[in-house]
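Hi,

Here is the structure I promised to pass on. Have a look at it first, and my notes on what turned up follow below.

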Amino acid sequence: GSGRVLASRNETQERSIASTTKIMTCLVALEHSELTEKVTVKREHLREGSSMYLLEGETLTMEELLYGLMLPSGNDAAECIAAHCGGSGGSGGSAQFVRCMNEKAKALGMEPTSFANPSGLDEMGHSSCALDMARLAAYAMQNPTFARIVSTRTASVGTRTMTNHNKLLASYSGCVGLKTGYTGDAGRTLVTCAERGGMRMIAVT
């Protein structure tokens, strides 16, 4: 919580970060939209990889999409959110949203970090380091809505029941959430937050 680093190794080495990217996607969405806003899914939002299984033409609230973003790690939710918050339904909106992600990173002092998409799929110019992701996580957990979403084990959206990919929520005493990730380039990535005895700790692996 204080921002003090207690232990680190290779903490400034630039790496692919996979779906831990979505910590920033969620944070920027919360700062640029209302939870009750309605969003309609378009075909170009449907992406490869992990998914909340959106259907073209369906309408969800921003809050429902954020649960789909952070629990099952939906790349489709990431694209839908980015296009909506970026001010247009298409790829132009997504590009504007990614600019907002990079502006937020700069404001938080995340110097080596560069975002190229809202989902974390492997792409040139999309990387961060463990120290930056820890800084981001510490900041994001101060947002009560963000903290509520990432600590949720299961959520229902329409007929879907979504389970949080973060197994530590169920297996590690005091775990209050954060985000898993996996791609071929990144391997397994994980940002974890836990609280015990009034102290909040964040680990990035």
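Before anything else, keep in mind that this is a predicted model.

I started with the helix pair α1 and α3. On the α1 side the contact involves K22, A29 and H32, which meet N75, A78, I81 and C85 of α3. Sorted by class, that makes four nonpolar, two polar and one charged residues. The two helices pack at an angle of about 35°, and their axes are 10 Å apart. As for handedness, the crossing of α1 and α3 is left-handed.

Next comes α5, which spans residues 130-140. Its buried residues are D132, M133, L136, A137 and A140. Looking down the axis of α5, you'll find these buried residues within an arc of 135°, so they line one face of the helix.

β5 and β6 run antiparallel and are joined by eight bridges, with G181 standing opposite T189 of β6. They form a hairpin that has three residues between the strands. β6 then pairs with β7, also in the antiparallel sense, over six bridges, and here C193 stands opposite I202 of β7. This hairpin has two residues between its strands, and G197 in the turn has a positive phi of about 55°.

Cheers

Note on methods. Residues numbered from 1 in each chain as written. Predicted model: local features only at pLDDT ≥ 70, side-chain atom pairs only at ≥ 80, totals over all residues. Heavy atoms only, no water. Buried < 20%, exposed > 50% of the residue type's maximum accessible area, 1.4 Å probe, protein only. Helix = DSSP H or I, 4+ residues; strand = E, 2+ residues; numbered from the N terminus. Arc of directions from axis to C-beta. Axes fitted to C-alpha atoms, helices over the stretch in contact; angles between N-to-C directions. Left-handed = near helix turned anticlockwise from the far one by under 90°. Contact = heavy atoms within 4.5 Å. Nonpolar A, V, L, I, M, F, W, Y, C, P; charged D, E, K, R; others polar. Pairing = 2+ DSSP bridges.
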